[in-house]
Amino acid sequence: NKRYNMTLQESIRRILKEETQGIDSFLIKVMETYPNTGRFIDNIETFIKNSNCKKIEVAKFKYPALGLAVHNGVLFNEVIFKQELPDFLFIIFHEIAHQYQYKKYGDEKMYEFYLDETDVKDAAIAMKQIEIIADEFASRKVREFIKLGFINKSNKKSLFSIYKDVPLYHFERLITQTKDTIKSKNVSGFDKIAEIFYNMIKVNDI
């Protein structure tokens, strides 16, 4: 009976903490792919949970993107598990950095790029800046892990800056395409917009 009460208390605690859905299976996959992560997996878990990330999923992508962060979770391309460990961690930290941005600025601020009243060029500039900040955030985090001796520095040219050299028209095209889809589907609400992104890049299970 005492054991049952402990389990119940633990369940209640987890629910109250709004446990990140899918995090356990994700972390197990990380440790299976990169056995060295076992000694600092708790650091990764804490980092993810503190971001208020609601869900983590790994899937096959239609496009060569490595990840997608929306207000209700993060979707990773399964190919990230083929990267060297420093690059893999950079991708994780980059997408989770966006979750911290959602936490800090709120969903409305992060989705305003796709609302009609926003100028596409202005939205593209702002979006690129958000991506550069996430890159810098992730890069700092990887360097911190190297400094702590958790991981070795990669010898190959690393991914540690992805968006700095991406031209603005790339963001303009993405924003315009998304706006058009939202309009054609007559979609409103953040969950529905997030669903559009999921459907845009995720290969649906048959």
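Before you start, one term: contact here means heavy atoms within 4.5 Å. A few notes on the structure follow.

1. **What you are looking at.** This is a predicted model, where local features need pLDDT of at least 70, side-chain atom pairs count only at pLDDT 80 or more, and totals for chains, interfaces and linings use all residues. Residues are numbered from 1 along each chain as its sequence is written, and side-chain values use heavy atoms, with hydrogens and water left out.

2. **Helix α8 and its cover.** Helices (H or I, at least four residues) and strands (E, at least two) are DSSP runs, numbered from the N terminus. I also use "buried" for under 20% relative accessible area, "exposed" for over 50% and "partly exposed" for in between (1.4 Å probe, protein chains only). In α8, the buried residues are Ile193, Ala194, Ile196, Phe197, Tyr198, Met200 and Ile201. Among the elements that cover them are β1 (56-59), β2 (67-70), β3, α5 (107-111) and α7.

3. **Length of α8.** The expected span of a helix is 1.5 Å times one less than its number of residues. Helix α8 (residues 190-201) has twelve residues and should span 16 Å, which agrees with the 17 Å between its end C-alpha atoms.

4. **Aromatic pairs.** Rings of Phe, Tyr and Trp (its six-membered ring) pair if their centres lie within 6.5 Å; planes under 30 degrees apart count as stacked, over 60 as edge-to-face and the rest as tilted. That rule gives 17 aromatic pairs. Why is the pair of phenylalanine 26 and phenylalanine 76 stacked? Their ring planes are at 15 degrees, with the centres 5.6 Å apart, so the pair falls in the stacked class. Phenylalanine 26 sits in helix α2 (residues 23-33) and phenylalanine 76 in strand β3 (residues 73-77), so this pair links distant parts of the chain, 50 residues apart. Both partners are buried: phenylalanine 26 has a relative accessible area of 3%, and phenylalanine 76 has 0%.

5. **An edge-to-face pair.** The rings of phenylalanine 93 and phenylalanine 145 have centres 5.3 Å apart and planes at 70 degrees, so they are edge-to-face. Because phenylalanine 93 lies in helix α4 (residues 85-105) and phenylalanine 145 in helix α6 (residues 120-147), the pair ties together parts 52 residues apart in sequence. Phenylalanine 93 is buried at 0% relative accessibility, and phenylalanine 145 is buried at 1%. Both belong to one aromatic cluster, together with Phe40, Phe47, Tyr100, Phe137 and Phe150.

6. **A charge over a ring.** A charge sits over a ring if NZ of Lys or CZ of Arg is within 6 Å of the ring centre and within 35 degrees of the ring normal. Here, lysine 29 lies over the face of phenylalanine 81, at 4.6 Å from the ring centre.

7. **Salt bridges.** How many salt bridges does the structure hold? There are six, a salt bridge being a side-chain nitrogen of Lys or Arg within 4 Å of a carboxyl oxygen of Asp or Glu. One of them joins lysine 109 and glutamate 112 (3.2 Å, N to O); lysine 109 is partly exposed at 44% relative accessibility, and glutamate 112 is partly exposed at 28%.

8. Glutamate 144 and lysine 141 form a salt bridge with their closest N and O atoms 3.4 Å apart. Both lie in helix α6, three residues apart, about one turn of the helix. An α-helix has 3.6 residues a turn, so residues three or four places apart point the same way. Glutamate 144 is partly exposed at 36%, whereas lysine 141 is buried at 16%.

9. The bridge between glutamate 57 and lysine 55 is 3.5 Å, N to O. Glutamate 57 is buried at 17% relative accessibility, and lysine 55 is partly exposed at 27%.

10. **The ends of α6.** The 28 residues of α6 should span 40 Å, which agrees with the 40 Å between its end C-alpha atoms. Aspartate 119 caps the N-terminal end of α6, with a side-chain oxygen 3.2 Å from the backbone nitrogen of lysine 121. This is a polar contact (a pair of N or O atoms within 3.5 Å; within protein, one must be able to donate a hydrogen and the other to accept it, and residues adjacent in sequence count only if both atoms are side-chain atoms). After α6 comes glycine 149, whose phi is positive, near 80 degrees.
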